[in-house]
Amino acid sequence: QVQLVESGGGLVQAGGSLRLSCATSNRAFGSYAMAWFRQCPGKEREFVAAISADTSTTYYTESMKGRFTISRDNAKNTGYLQMNSLKPEDTAVYYCAAGYVLSRTSRYNFWGQGTQVTVSS
């Protein structure tokens with residue numbers, strides 16, 4: 001079992017930046033693909049970005065590409081989502097996920113509890 005804990009969410013003004021972290025104590029983290037999803041108020045959960053275990057491959061939702069950057073530090077068992085030029089429509093609960101297969105869908109095996117990001121206009 002891989003327990004994931006997100007942090008770094010909060011309130012930020014439009015145009016600002018936040019860096020989300022996703023940490024685990026499980027040393028197998030480095031063997032899993034990981035991803036970030038978000039759920040905006042009143043909407044279904046949607047894919048944000050994903051990164052392979054060895055960091056060689058990344059996927060992004062087109063609308064967030066260029067503003068968001070996914071990364072990971074396997075030595076620290078931690079993944080990151082750097083979010084720049086934030087917009088009010090980026091307000092959501094952000095979830096990290098890990099799994100055996102790199103995917104843009106929700107087919108990940110392990111999920112965090114989520115962290116709230118609120119962008120004010």
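Buried means under 20% relative accessible area, exposed over 50%, and partly exposed in between, with a 1.4 Å probe and protein chains only. By that scale Trp111 is partly exposed, because its relative accessibility is 22%. Phe37 counts as buried, at 1% relative accessibility.

This is a predicted model, in which local features need pLDDT of at least 70 and side-chain atom pairs count only at pLDDT 80 or more, while totals for chains, interfaces and linings use all residues. Residues are numbered from 1 along each chain as its sequence is written, and side-chain values use heavy atoms, with hydrogens and water left out.

**Aromatic rings**

A pair of aromatic rings is described by the distance of the centres and the angle of the planes. Rings of Phe, Tyr and Trp (its six-membered ring) pair if their centres lie within 6.5 Å; planes under 30 degrees apart count as stacked, over 60 as edge-to-face and the rest as tilted. The count by this rule is six aromatic pairs. Two of the pairs involve Phe37:

| Pair | Centre to centre | Angle of planes | Class |
|---|---|---|---|
| Phe37 and Phe47 | 5.6 Å | 75° | edge-to-face |
| Phe37 and Trp111 | 5.0 Å | 50° | tilted |

Strands (E, at least two residues) are DSSP runs, numbered from the N terminus. Phe37 is in strand S4 (residues 33-39) and Phe47 in strand S5 (residues 45-51), so their pair ties together parts ten residues apart in sequence. The pair of Phe37 with Trp111, which lies in strand S10 (residues 110-111), links parts of the chain 74 residues apart. Ring pairs join Phe37, Phe47, Tyr108 and Trp111 in a cluster.

A charge sits over a ring if NZ of Lys or CZ of Arg is within 6 Å of the ring centre and within 35 degrees of the ring normal. The charged end of Arg45 sits over the ring of Trp111, 4.0 Å from its centre.

**Tyr94**

Tyr94 belongs to strand S9 (residues 92-99) and is buried, with a relative accessible area of 0%. A polar contact is a pair of N or O atoms within 3.5 Å; within protein, one must be able to donate a hydrogen and the other to accept it, and residues adjacent in sequence count only if both atoms are side-chain atoms. The side chains of Tyr94 and Arg38 are joined by a polar contact of 3.0 Å. The Tyr94 side chain also reaches the backbone oxygen of Asp90, at 2.7 Å.

Technical notes. Helices (H or I, at least four residues) and strands (E, at least two) are DSSP runs, numbered from the N terminus.
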